[in-house]
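Welcome, and thanks for stopping by. Let's walk through this structure together, one question at a time.

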Amino acid sequence: MLHRGHQSTDGTDGGELTVPMAWLYAEYIADELLRTGDLMPPTSFEFRAGRDALALTVFLSDTDGELPGIRVVTQLETWLSLTAYDQPWQDWVAGRMSQLTAEAAESEGPDPDLELASAAWRWLEETELLAPDLDAVPDGAPAGEDEGPKVWTPAWQLGLPLGHLAIHLF
């Protein structure tokens, strides 16, 4: 049986090995967009937050199961609008994840793509990174990035604008 967006092969024990191709492709696209933008070191937590936020956007916006065959250039505007500052991105992600989880529950087995997407979403929601507090301006004058007040921020709130900027720079 082929799952949405998956490539299946026979496993060594006679069972089925399902490769999460859709998620891996979404992650690859996100990684390339961020590396091209050269905004953060690829080893940083901020880069991971941006990659995971972008990968979720790419993966969840694929409503027709065509992700491995898409042309990235044709989707940039869609991803740009989904990651825009004034959009309720986290609500959109939660809604799409719920929808895909319900669909997977009705199918015959686990969805490895959805499992990886869920792990990325959990990390983005549960992990907090120390970031400049943009709401606090000491003495009315902006401070340097390393000098000003810092605040713990959910990883998705840092990753989303980073991903959005990477799409702009692509």
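Q: What is the mean pLDDT of the protein?
A: This is a predicted model, and pLDDT is the predictor's confidence in each residue, from 0 to 100. In the protein, 82% of the residues reach 70 or more. The mean pLDDT is 83.

Q: Which element has the highest confidence in the protein?
A: Let's start from the other end of the scale. Confidence is lowest in strand E1 (residues 7-10), where the mean is 42. Over residues 1-14, pLDDT stays under 50. The highest confidence, at 96, belongs to H2.

Q: Are helices H2 and H6 roughly parallel or roughly perpendicular to each other?
A: The axes of H2 (residues 45-60) and H6 (residues 155-169) come within 7 Å and cross at roughly 75 degrees. Angles of 65 to 115 degrees count as roughly perpendicular. H2 and H6 are therefore roughly perpendicular.

Q: How many nonpolar residues are in the contact of H2 with H6?
A: On the H2 side, the contact includes Phe47, Ala53 and Leu54. On the H6 side, Leu160, Leu162 and Ile167 are among the residues taking part. By class, three residues of this contact are polar and one is charged, while the nonpolar ones number nine.

Q: Is Pro154 buried or exposed?
A: Pro154 is found in strand E4 (residues 150-154). Its relative accessible area is 19%, and buried means under 20%. Pro154 is therefore buried.

Q: What distance separates the C-alpha atoms of Pro154 and Trp123?
A: Not counting residues up to four places away in sequence, Pro154 touches Leu124, Glu125, Thr127 and Glu128. Pro154 and Trp123 are 31 residues apart along the chain. Their C-alpha atoms are separated by 9.3 Å.

Q: What percentage of the residues of the protein count as buried?
A: Here we step back to the whole chain. The protein has 170 residues. Of these, the share that counts as buried is 41%.

Key:
Residues numbered from 1 in each chain as written. Predicted model: local features only at pLDDT ≥ 70, side-chain atom pairs only at ≥ 80, totals over all residues. Heavy atoms only, no water. Axes fitted to C-alpha atoms, helices over the stretch in contact; angles between N-to-C directions. Helix = DSSP H or I, 4+ residues; strand = E, 2+ residues; numbered from the N terminus. Parallel < 35°, antiparallel > 145°, perpendicular 65-115°, else oblique. Contact = heavy atoms within 4.5 Å. Nonpolar A, V, L, I, M, F, W, Y, C, P; charged D, E, K, R; others polar. Buried < 20%, exposed > 50% of the residue type's maximum accessible area, 1.4 Å probe, protein only.
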